[in-house]
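Welcome! Let us walk through this structure together, one part at a time.

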Amino acid sequence: MSFIELKNVCKKYAGAEKNSVTDFNLSIEEGEFIAFVGPSGCGKSTTLRMIAGFEEITGGDFYIDGKRMNTVLPRDRGISMVFQNYALYPHMTVEKNISYGLKNMKVPADEIKKKVDWAIDILGLSEYRYRKPKNLSGGQRQRVALGRAIVKDQKLFLMDEPLSNLDAKLRVSMRSEISKLHRELGSTTIYVTHDQVEAMTMADRIVIMKDGVIQQVGKPMELYEHPANKFVAGFIGSPQMNFYNVNVKGDTVTFENGNSIKLPDSVISKLAGRQGEMILGIRGEDIKLDPQNLDLYKNNKMSATVDSIEVMGNENNLYFSFGGTATVARVSKYEISQAGDEIEFVFIPSRIHFFDKQTEESLFNRRTLCRKFI
Ligand SMILES: Nc1ncnc2c1ncn2[C@@H]1O[C@H](COP(=O)(O)OP(=O)(O)OP(=O)(O)O)[C@@H](O)[C@H]1O
Ligand SMILES: [Mg+2]
């Protein structure tokens, strides 16, 4: 049995018509950093709160270190948590807020001081040590909430969108602080976020949820390269993957605008004989406009008119309409285009994904593909 085990865990809130979380199955090894990611309302916080013991588990079983935890009180689960809407004690200084939990746990005073000094230092709160929460910015308050949790030294560390109140720059630096902290402390961590970039950059493994149901669990690049369905493909990666309704016949893929391309055997064979209507997916960086790729795939060249361009500095996003889909291609900063320009482009065949039109499941054999990444 793994360190953390969730088996068919369900949550139905009293009076609710349907489950907020359904058959959540997950094993977590000791020391892993797991991110729960998904759109607002998909059940991330509910799952985390069931793990913490603040929300009753209405179905299934939850174990920590082999011990069934369903009915164990939150304080006896060996967990520390940073909430989405954390509340600091308004009458206490930063230092007192951080040390309060340790005092309750009857930790000796010299040890409390050492831990609080360490947390204040690591979180960059030295100059605010004696301030009260009302005199701190949102980001500073969030760091105090983090400090309060990290000093507790528990077996399992739960964080629910701990960086949501921070500005973009601070978010990035706190992201690497938390990753560093995790490496130092080695504590098993579950981190909830709706920001896929945060999940991709921080987690050992990501759990993607939608409507209370896990869509896929995997390492960041496994999810990026081998999404199990269209939802995962669209959720992970920015800008979003481009999707087209296509018809596949033999080795020929025809788009709604009548354009067609031919795919090599290596790609077609992954469809295992599937033909007809399906959804083609391709990421913006796999749409190429450079002379080398245009030459390499010259039989599959397509053209469109650029609608708009987003200059990012290191690269550009080109927006154009193709095959009934608003398309975005990520091109290097050397491939300058302007709105109104006619462009030629190709899709890298080996980077194409196919999804079932009805179920939206990936049509490639994911199980075989994913195995080598595990
Ligand atoms: N106390 C409650 N009573 C009834 N329904 C609830 C309760 N708390 C949450 N829900 C519902 O359960 C579902 C999951 O909510 P949850 O807070 O877990 O989502 P989330 O993934 O954390 O979203 P967000 O990213 O917005 O924080 C939602 O549909 C929500 O409305
Ligand atoms: Mg939430």
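Two strands pair if DSSP finds at least two bridges between them, and strands (E, at least two residues) and helices (H or I, at least four residues) are DSSP runs numbered from the N terminus. This is a predicted model, in which local features need pLDDT of at least 70, side-chain atom pairs count only at pLDDT 80 or more, and totals for chains, interfaces and linings use all residues. Residues are numbered from 1 along each chain as its sequence is written, while chains are lettered from A and ligands numbered from 1 in the order in which they are written.

Let us start with the sheet. Four strands form an open sheet with antiparallel pairing, in the order β2-β1-β4-β5. At its edges lie β2 (21-28) and β5 (67-68), each of which pairs on one side only. Two bridges join β5 to strand β4 (residues 59-64) in the antiparallel sense; in one of the bridges, isoleucine 64 has lysine 67 of β5 as its partner.

Now turn to the helices. The axes (lines fitted to C-alpha atoms, for helices over the stretch in contact, with angles from 0 to 180 degrees between N-to-C directions) of α2 (residues 94-104) and α4 (residues 138-150) come within 7 Å and cross at roughly 30°. Helix α2 is therefore roughly parallel to α4, since angles under 35 degrees count as roughly parallel. Where they touch (C-beta atoms, placed from the backbone, within 7 Å), Val94, Asn97, Ile98 and Gly101 in α2 meet Val144, Gly147 and Arg148 in α4.

Finally, look at ligand 1. It is surrounded by 13 residues (C-beta atom, placed from the backbone, within 6 Å of it), the closest being Tyr13, Ser20, Ser40, Ser45 and Thr46.

How values were computed. Angles under 35 degrees count as roughly parallel, over 145 as roughly antiparallel, 65 to 115 as roughly perpendicular and the rest as oblique. Two residues are in contact if their C-beta atoms, placed from the backbone, lie within 7 Å.
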